[in-house]
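The sequence and structure are shown first.

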Amino acid sequence: MSTGRPEAGAHAPGKLILSGEHSVLYGAPALAMAIARYTEVWFTPLGIGEGIRTTFANLSGGATYSLKLLSGFKSRLDRRFEQFLNGDLKVHKVLTHPDDLAVYALASLLHDKPPGTAAMPGIGAMHHLPRPGELGSRTELPIGAGMGSSAAIVAATTVLFETLLDRPKTPEQRFDRVRFCERLKHGKAGPIDAASVVRGGLVRVGGNGPGSISSFDLPEDHDLVAGRGWYWVLHGRPVSGTGECVSAVAAAHGRDAALWDAFAACTRALEAALLSGGSPDAAITENQRLLERIGVVPAATQALVAQIEEAGGAAKICGAGSVRGDHGGAVLVRIDDAQAMASVMARHPDLDWAPLRMSRTGAAPGPAPRAQPLPGQG
């Protein structure tokens, strides 16, 4: 029976890719940021004999996972991923329930060797397991919109059970964990999402050699941190997935070295503007034009960007975009005039949008900044 009071909680921010979505695959740097919209998880103990019960608001109706069978659960998903790698299963069919990814993160953590011990003899024995309980979650992130919702749930769940099982991880180990778990969702998990939700702040991937990652902590009064003049807009969920977009771009432009050099120059210019306090507008606009050139910005999304530019701002898609349909996913907007932004969005009452603020911190124990109390805490 539930105590009604969470024993522990954790949170992780979402992310937006500011520049370099496609060009990072061709050796150019990518720039991303952790955003101050969070996924929270918490654990509430339940009576003896029950497993892990999930209650994920806005994601699913919940599910129950046997503690004694977590090892088999992980092995089963690993086998399904192997089927995907062999071409026998579509990647979106690797996970069979929306809550599987978070529970897989727990099962993966349980397979680790506890500090100061010999190799772990498996997770079938109850003394190696967490207590029965309810794994709850809520998120401010739209699902499937390129804002890091899956990376955030893995990172937050990892931190939560690090605390409950007394198995602390370094940021580098958390980064590896998020990438390892996210491969089930995306087929191949790049470093951008994991670096953003684990480290927080502004993150550059690439640019200093393959796999290089650099972090920048902007000052508290920076416009991105304070939420002045920056917005995100969700221009629907793209019809084509990331893999389809990447394949289409590779077929049409993969050998165009000058094009990818132009993308790299945009990313470097945007980074320089953000770090120096200069205007990022020219770099954002040029980046959008390059994304339109490679064919990943639907006409309806281009029309929205044009309206923002006419109002005195700059905008670009953030993510893979789409090569089919009318929806381009998340859009980054930089505009000083808040009323002008509101006027543009009044023409699109069906779209979600909000001021954009950077999270200077990554996944961590406890509630998210300014979050309401967890259930049962009053």
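## Helix H7

Helix H7 (residues 242-253) has 12 residues and spans 16 Å from its first C-alpha to its last, close to the 16 Å expected at 1.5 Å a residue; the expected span is 1.5 Å times one less than the number of residues. Helices (H or I, at least four residues) and strands (E, at least two) are DSSP runs, numbered from the N terminus. Buried in H7 are Cys245, Val249 and His253, where buried means under 20% relative accessible area, exposed over 50% and partly exposed in between (1.4 Å probe, protein chains only). Seen down the axis, the buried residues of H7 fall within an arc of 30 degrees, so they line one face of the helix; the arc is that of the directions from the helix axis to the C-beta atoms. These buried residues of H7 pack against helix H8 (257-276) and helix H9 (281-293), with contact meaning heavy atoms within 4.5 Å.

The model is predicted: local features need pLDDT of at least 70, side-chain atom pairs count only at pLDDT 80 or more, and totals for chains, interfaces and linings use all residues. Residues are numbered from 1 along each chain as its sequence is written, and side-chain values use heavy atoms, leaving out hydrogens and water.

## The four-stranded sheet

An open sheet of 4 strands is ordered E9-E10-E8-E11, with antiparallel pairing; two strands pair if DSSP finds at least two bridges between them. E9 and strand E11 (352-355) stand at the edges with a single partner strand each, so one side of each has no neighbour in the sheet. Neighbouring strands of this sheet are turned by 20 degrees against each other on average, direction ignored. Axes are lines fitted to C-alpha atoms, for helices over the stretch in contact, and angles run from 0 to 180 degrees between N-to-C directions.

Helix H9 packs on the sheet, touching strand E8 (230-235), E9 and E10, and its direction makes about 40 degrees with that of E9. Helix H11 (residues 338-346) also packs on the sheet; it touches E8, E10 and E11, and its direction makes about 5 degrees with that of E8.

Antiparallel pairing joins E9 to strand E10 (residues 329-334) over 4 bridges. Lys316 has Leu332 as its bridge partner in E10.

## Strand E1

Of the 12 residues of strand E1 (residues 8-19), 12 are buried, so the strand is largely enclosed by the rest of the structure. E1 runs antiparallel to strand E2 (residues 30-45), joined by 11 bridges, and pairs in the antiparallel sense with strand E12 (residues 364-365) over 2 bridges. His11 has Glu40 as its bridge partner in E2 and Ala364 in E12.

The largest nonpolar core has 79 residues, and Leu202 and Leu356 have the most contacts inside it. Such a core is a set of buried Ala, Val, Leu, Ile, Met, Phe, Trp, Tyr and Cys residues joined through side-chain atoms within 4.5 Å. Helix H3 (residues 149-165) gives the most to this core, with 10 residues. A second, separate core of 25 residues includes Val233, Val296, Ala340 and Met345.

Gln307 lies in helix H10 (residues 299-310). Its relative accessibility is 16%, so Gln307 counts as buried. Not counting residues up to four places away in sequence, Gln307 touches Val344, Arg347 and His348.
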